[in-house]
Amino acid sequence: MPVSPRRHLRSSPLFRRAMSLAIVAALAVTTGGVSAAESAPRATEFHIPAGPMAQALNRFAQQSDLTLLYDASLTRYLQAPAVDGTYEPTQALDRLLAGSSLVARVGADGSVRIEHDTAPASTAPSPQKTTRPKMTSHGRVENLDAVDVRATSVGYAAQQINFGKLPTDPREIPSSVSVVTRQRMDDQNMITVAEALNRSTGITAVPYGMGTSYFQARGYQPDVQFDGIPANNGLQYQSQFDLNMYDAIEIFRGPAGILQGQGSPGGVVNLLRKRPGDTYSLLGAVSAGSWNNFQGNIDISDRLNASGTIRSRAVVSAQDTDYFYDKAHSEHQLFYGIVDFDLTPDTTLTLSGAWQREDHGPLDWGQSVLAIPPHGKVLEAPRSQFYGTDWSADQPHMSDLYAELRHAFSDTWQAKVAVDRRSSTDHTTYGYIDGLISPFENLAGYWLQRQQTKLAWTGVDASVSGQFDLFGRTHETTFGIDYAQKRNDGYSGGFAANNHIPVDVLNLPDIPAPEIPFDSHSKTLTKQYGVYGEVRLHPTDELSVLVGSHFTWYRNRTQSGYPYLAGWNNDPDVNHKAAPYVGLVYDINKNLSAYASYTDIFVPQNNPRYGGGTLKPRTGKQYELGLKGAFLDGMFTGSLAAFRIRDENRAIDDLAHPNYFLSAGRAQSQGWEAEINGRPLPGWDVYAGYTYLLTRVLSDPTGPGSILDTEEPKKTFKLWTTYRFTGNALDGFRIGGGARSVSSTSRGTVTQKGYTVFDAQVGYQFNPSWLLTLTVNNVFDKSYFARVPAQYYGIYGDPRSTILTLRKTL
């Protein structure tokens, strides 16, 4: 198939190098080049995301080891910009306070007092009495004279979780949660959502082709939210915006009906988009690596008026790469913009838009296995072998529009309404190995496929959150409504290549690009309405109780047929189905908390049953116990969780009526997880997570006692760490590395033994603005399958590769 001039230009090494150099030049011109920023005495590395001023000041105090004194009421309604990079502490604090009415005054004792700009300077701050309540790090309310925070930076640890509608200390959430922070994304050169989730505790990511993946957690496929708005089936097998659009990824493991309504027992992934800062900042990076892998991004944030009531942020990123296997190529471009408007001191409107274009081709869906009893055998071929057709191509386009209105009624009550509209179109043509391969001459059939899909997700969420007093204590509550809709309109067609005559998959003959007519068409419309509420009670200083539920109304209908669609087929409606959640958190001491939680499971099913209609929803429950802690004066955090999930009314084959199902299956998933995050020593960041998982089918005539999900390993260990040298001959240098270790997995044919992949990194911080790193992934060139072969789509994991990255950090 001839290559268009436009495609040829994009695919050329000259174009890719020009793209990278252009982004480098843009960064250098904007900042005056590498030499424009001088190293400052006492410079400290800060990683403070945009957000409420109180949270930003708390993080500043932790990362600077300074004492801050201020009346908590001064920070009401105020938002702070992001500060990410190396600054003198006073420079970082000035950036946080810029645009507000607050100033910092340094006392003779080294403490810093935050005051209104009109307040007289004070050389020795002496806090005055106040009776204003101040929320502590564990959600308690105390009457304090002033905020007095002293701590050390905590590296990759997140101090706030945005699940629910109010930022919450992770220790106050009676469930297993993790956060992939922006810093860890940058340190590990993560580009895709799949890369981030595959390096997170308790998540397994499996590549599927066309730049997509599917994911497992606790034996099930997790759901997704975008800034807290549920998106039905928006994660599995779906294209995703690249990570340059996001500031953090939050992962809630286990059933999350209180957040999601109907959904998987595996949990929820929440993708949090970047927000504008209040002062000018310019970030970016360019990379070049193995297999002609070129990447670049630029991220600019600034206020748009003198008063700072309008703030904006824009992100542009691009990647152009080949693969370790022959012929395959991929590229994408992302454009993202967001603006905050302060309509009043108490009301903020946020508008954002994103667009991403991808171009994959030729495509390779990988290998199947040799048909050798009893389970088959892996095809003996180099990892670079290409099994696709030269004309295979896929061009997904994605767009996203988001609007949010936030209003503070008082110091303790706020409301938010958010709307998200995400859509994608995809047109794919490809050929792949169709079934098992004959061990004689490596013969197999090929199937030629064409697909066209339009997807659209619409989500709405409206909530009110605040505090109330009861029995002399202060508690919190949230209540709201949500709506989620998904439309899917898909065409497909295909036929066997070469008149069904098998071909040698290692020496594929030329298969001309055919005309593949569509022969099927289907539409799906899913709607979910919900009402939710939760109350967090504090009976004592040490104990908190979380009680809540999501009540769901669910509708799903489909139609299919070609060339004409038949009428709509409606699944049984689900009305006001409750998903209750109960959790307890007990503070054993200032460092350690214990928790216990219970939640219900509710998952609609569309499997047909004999006599008409579809199966009733799956149900079940989860019990979880755990410990969470913050140690070394908050520098280091850790968690340990044990869980058991019972899954009832699963679809099983109706043996008396072929092609129909019964809702009689039962399954169980149990295990434990451990995770640590933080900065145990200055300059040393570390993340580590371990998962032990046992899944079993308890009742199913086709396989009782079998493993529920053989693709998810029983044991998984993940590690990443970075150490930065300061104050000696190695000042400015950094070293890092990590590992990912998994036990055996299978897809029903061959079983892959456990393996471990190691990564390594070295870097040098030229000055506060510029960082150069060289990363070697799969240092020992371990050969393994990222998707174990079966009858279709066996995909190798990446061999050893290198990537050189120049990052603008200020």
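**Notebook: contacts and salt bridges**

I began with contacts, meaning heavy atoms within 4.5 Å. Among contacts in the protein with a separation of 6 or more, 66% are between residues 24 or more positions apart.

Before going on, I noted that this is a predicted model, where local features need pLDDT of at least 70, side-chain atom pairs count only at pLDDT 80 or more, and totals for chains, interfaces and linings use all residues. Residues are numbered from 1 along each chain as its sequence is written, and side-chain values use heavy atoms, with hydrogens and water left out.

**Overall picture**

I looked up the secondary structure next. The protein has 7 helices and 48 strands. Both are DSSP runs numbered from the N terminus: H or I over at least four residues for helices, E over at least two for strands.

Then I checked burial. I used buried for under 20% relative accessible area, exposed for over 50%, and partly exposed for in between, with a 1.4 Å probe and protein chains only. Of the 810 residues, 53% count as buried.

I also looked up the surface. The protein exposes about 33700 Å², and carbon and sulfur atoms supply 57% of that area. Accessible areas come from the Shrake-Rupley method with a 1.4 Å probe; for residues, only the protein chains shown count as cover.

**Salt bridges**

Side chains of opposite charge can pair when their charged atoms come close. I counted a salt bridge when a side-chain nitrogen of Lys or Arg is within 4 Å of a carboxyl oxygen of Asp or Glu. How many salt bridges does a search of the whole structure find? It finds 32.

I started in helix α5 (residues 182–187). R182 and D186 both lie there, 4 residues apart, about one turn of the helix. They form a salt bridge, with the closest N and O atoms 3.0 Å apart. R182 counts as buried because its relative accessibility is 12%. D186 is at 22%, so it counts as partly exposed.

Next I took D187. It forms a salt bridge with R734, the closest N and O atoms being 3.7 Å apart. R734 lies in strand β41 (residues 733–742) and D187 in helix α5, so the pair ties together parts 547 residues apart in sequence. Both R734 and D187 are buried.

R311 and D340 are both buried.

Last, I looked up a network. Salt bridges link D227, R273, R275, D400, E404, R406, D420 and R422 in it.
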